Amino acid sequence: MNRLVMAIFGLVLVLPWPGRATAAQRVQVTGEIVDTWCAITGIMYGFGTAHHQCAVWCAVGGIPVSIMDDAGNYYMVLKIEGDDRSVADPRIVEIQTHRVTVDGTLIERDGVKYLIVDQVADDRGIVNMTHDEYGIQPFGE
Amino acid sequence: MRLRVLLWLPLLLLLTGGNAFAAQKWGIPHEKPVILRGQVVDLLCVAAGDCAPDCGAGRRQLGLLTAEGTLYPAVKSNVFFAGATLDLLPYCGREVTVDGLVIENPAMTLLFVQSLRGSGEAEWKPARAFIEDWETRNGPAREWWREDPKVKAVIARDGVFGIPGLEPAD
């Protein structure tokens with residue numbers, strides 16, 4: 001009996017934490033590549049042309065990028081087209097602020113939508129023109 | 001006498017640099033000062049089972065996995081416009097204590113690492129590994145983000161708005 005109890009206790013310890021992560025699901029996401037920190041915290045206006053320079057700074061600085069879709073959902077990108085580099089990835093720097101459509105795998109865990117991008121299906125470049133209203137974010141230069 | 005010591009304590013800590021850090025609030029909506037203990041993990045490995053040696057050796061985003069099983073992505077360090085990967089990387093797979101802010105935005109939860117110390121370490125280290133590494137490679141800079149060669153090349157080519165030929169109005 002004691003062995004059975006110990007076995008169950010051991011099993012509970014090694015099993016994945018229930019409810020922590022949703023099952024991975026295939027998704028297609030369309031939205032803007034954004035700097036995760038500025039966009040989520042709102043410490044400055046963090047979208048479109050007005051924020052492009054800062055988005056490049058943050059990508060080179062190693063802050064993760066996300067895709068913000070039209071419904072306001074954010075997807076943190078951990079891998080893109082087989083390349084596991086997500087810190088200061090030169091390719092990510094090149095597509096900052098672009099509006100893209102990607103196919104990938106979504107894993108949700110602890111309040112974060114993590115996205116593994118299998119394919120960038122469409123890249124429309126920078127289309128969110130915000131500089132007339134917001135100038136250059138931050139510092140104005 | 002005891003009261004006088006207490007009154008001088010903050011100044012003493014300031015002058016000595018202090019061994020104890022306390023998270024600085026930034027006035028960010030949903031921010032919460034925290035001291036979090038957890039294991040340094042590779043986010044791609046924990047989220048998707050796609051693992052690499054040494055947590056990706058600086059190529060991958062890292063996070064903190066607490067004993068309760070909560071995973072926090074560490075997205076920001078104490079350096080302007082820079083992430084926390086280089087601060088956490090030396091502790092890959094080991095336990096650290098992080099002093100910083102958790103941003104519990106309904107859209108995404110983020111961890112801002114302001115200082116940290118490894119298990120058994122007495123001293124808190126400010127999360128400034130990015131700038132230390134950057135200055136080793138590039139020399140001292142007042143604003144690394146304007147002097148970085150990669151940034152300068154991209155901005156020189158595409159402009160501050162990311163569209164060649166689109167210039168700020170005078």
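I began with strands β4 (residues 99-109) and β5 (residues 112-123) of chain A, which pair in the antiparallel sense over 10 bridges; pairing here requires at least two bridges found by DSSP, and strands are DSSP runs of E with at least two residues, helices runs of H or I with at least four, numbered from the N terminus. Within this pair I found A:Gly104 opposite A:Val117 of β5(A).

I noted that this is a predicted model, in which local features need pLDDT of at least 70 and side-chain atom pairs count only at pLDDT 80 or more, while totals for chains, interfaces and linings use all residues. Residues are numbered from 1 along each chain as its sequence is written, and chains are lettered from A and ligands numbered from 1 in the order in which they are written.

I then traced the closed barrel of 5 strands in chain A, which runs β1-β2-β3-β5-β4 with mixed pairing, and its twist averages 55° from one strand to the next.

Next I looked up helix α3 of chain A, which lies across β1 (25-35) and β2 (65-69) of chain A and runs at about 115° to β1(A); angles run from 0 to 180 degrees between N-to-C directions, and axes are lines fitted to C-alpha atoms, for helices over the stretch in contact.

Finally I followed α3(A) (residues 52-60) to α6 (residues 149-158) of chain B, where the axes come within 10 Å and cross at roughly 150°. The helices are therefore roughly antiparallel, a term for angles over 145 degrees. I listed A:Gln53, A:Val56, A:Trp57 and A:Val60 against B:Lys150, B:Val151, B:Val154 and B:Ile155 as making the contact, which is counted when C-beta atoms, placed from the backbone, lie within 7 Å.

Notes: Angles under 35 degrees count as roughly parallel, over 145 as roughly antiparallel, 65 to 115 as roughly perpendicular and the rest as oblique. Two residues are in contact if their C-beta atoms, placed from the backbone, lie within 7 Å.
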